[in-house]
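Biologist: I have a model open and would like to go through it with you. Can we start with the pocket and then move on to the strands and helices?

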Amino acid sequence: MAEATIKWLEEKRFVGVDSTGHGIVISSAGEDGGIGVKPSDLLLLALGSCTAYDVVAILQKKRQKLTGLTVRVTAEQQTEEPWTFKRFHVHYIVRGRNLSEKAVSDAITLSDEKYCSVSATLKLGVPVTHDYEIIEDA
């Protein structure tokens, strides 16, 4: 099971730690000086990094001479709370020597349709549940 922990630091600043112990600072857009990543942008980063990982792995397996990959994720959100994402677009900038257009296209399609768990989850619109506990301080 995947797990992440978010701890409040101060003001509107948090630290998120993933299941492997790696952390990231999370904050609001500007009230605290913009230190950290906006929570909604984490979703874009998750989608972009998930597919980037797949595309690199697939192209390397196909012995393509990949020298660089940049993935730019843009998203359109509703204009009112809770600012739900309406759509995502992923743009790949692939660099290399003698890259096969078919290999690049196939790698992106495989990531999108088979391997990227973030993309597959977003397409499903899965339910989000919650519970809570209260700890009384002395």
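Biologist: Which residues lie nearest the centre of the largest pocket?

Modeller: This is a predicted model, to begin with. Glu3, Ala4, Ile6, Val17 and Asp18 lie nearest the centre of the largest pocket, out of 13 residues that line it.

Biologist: What volume does the largest pocket have?

Modeller: About 370 Å³.

Biologist: And which strand gives the most to the lining?

Modeller: E3, with 3 residues. E2 and E3 each supply at least two residues of that lining.

Biologist: On to the sheet, then. In what order do the strands run?

Modeller: The order is E1-E2-E3, in an open sheet of 3 strands with antiparallel pairing. Strand E1 (5–10) and strand E3 (23–27) are at the edges with a single partner strand each, so one side of each has no neighbour in the sheet. On average, neighbouring strands here are turned by 30 degrees against each other, ignoring direction.

Biologist: How many bridges are there between E1 and E2?

Modeller: There are 5, in the antiparallel sense, with E2 covering residues 13–17. Thr5 stands opposite Val17, and Trp8 stands opposite Phe14. Val17 is also one of the residues nearest the centre of the largest pocket.

Biologist: What about the turn between E1 and E2?

Modeller: The two strands form a hairpin with 2 residues between them, and Glu11 in that turn has a positive phi of about 40 degrees.

Biologist: Helices next. How far does H1 reach from its first C-alpha to its last?

Modeller: H1 reaches 34 Å with 23 residues, close to the 33 Å expected at 1.5 Å a residue. Its buried residues include Leu44, Leu47, Cys50, Ala52, Asp54 and Leu59.

Biologist: What do the buried residues of H1 pack against?

Modeller: Strand E4 (65–77), E5, H2 and helix H3 (117–124).

Biologist: And H2, which of its residues are buried?

Modeller: Ala103, Val104, Ala107 and Ser111. The buried residues of H2 pack against helix H1 (39–61) and strand E5 (85–97). H2 itself has 15 residues, 101–115, and reaches 20 Å, close to the 21 Å expected at 1.5 Å a residue.

Biologist: I clicked on Ser119. Is Ser119 buried or exposed?

Modeller: Buried, with a relative accessible area of 8%. Ser119 lies in helix H3. Apart from its neighbours within four places in sequence, Ser119 is in contact with Leu47 and Asp112. Leu47 is one of the buried residues of H1.

Biologist: Now the backbone. Where is the cis peptide bond?

Modeller: A cis peptide bond joins Glu81 and Pro82, with omega about 5 degrees. Pro82 is in the loop between E4 and E5, and Trp83 is in the loop between E4 and E5 too.

Biologist: What is phi of Trp83?

Modeller: Near 55 degrees, which is positive in a residue other than glycine. Trp83 counts as partly exposed at 43% relative accessibility.

Biologist: Which residue with a positive phi follows H1?

Modeller: Arg63, with phi near 60 degrees. Arg63 is in the loop between H1 and E4.

Biologist: Is Arg63 buried or exposed?

Modeller: Exposed; the relative accessible area of Arg63 is 75%, and the cut-off for exposed is over 50%.

Conventions
Residues are numbered from 1 along each chain as its sequence is written. This is a predicted model: local features need pLDDT of at least 70, side-chain atom pairs count only at pLDDT 80 or more; totals for chains, interfaces and linings use all residues. Side-chain values use heavy atoms; hydrogens and water are left out. Helices (H or I, at least four residues) and strands (E, at least two) are DSSP runs, numbered from the N terminus. The expected span of a helix is 1.5 Å times one less than its number of residues. Buried means under 20% relative accessible area, exposed over 50%, partly exposed in between (1.4 Å probe, protein chains only). Contact means heavy atoms within 4.5 Å. Two strands pair if DSSP finds at least two bridges between them. Axes are lines fitted to C-alpha atoms, for helices over the stretch in contact, and angles run from 0 to 180 degrees between N-to-C directions. On a 1 Å grid over the protein atoms alone, a cavity is a set of points where a 1.4 Å probe fits but cannot get out, and a pocket is an open set with protein on both sides within 12 Å along at least five of seven lines; lining residues have an atom within 4 Å of a point. Grid points are joined across faces, edges and corners, and a volume is the space filled by probe spheres set on the points.
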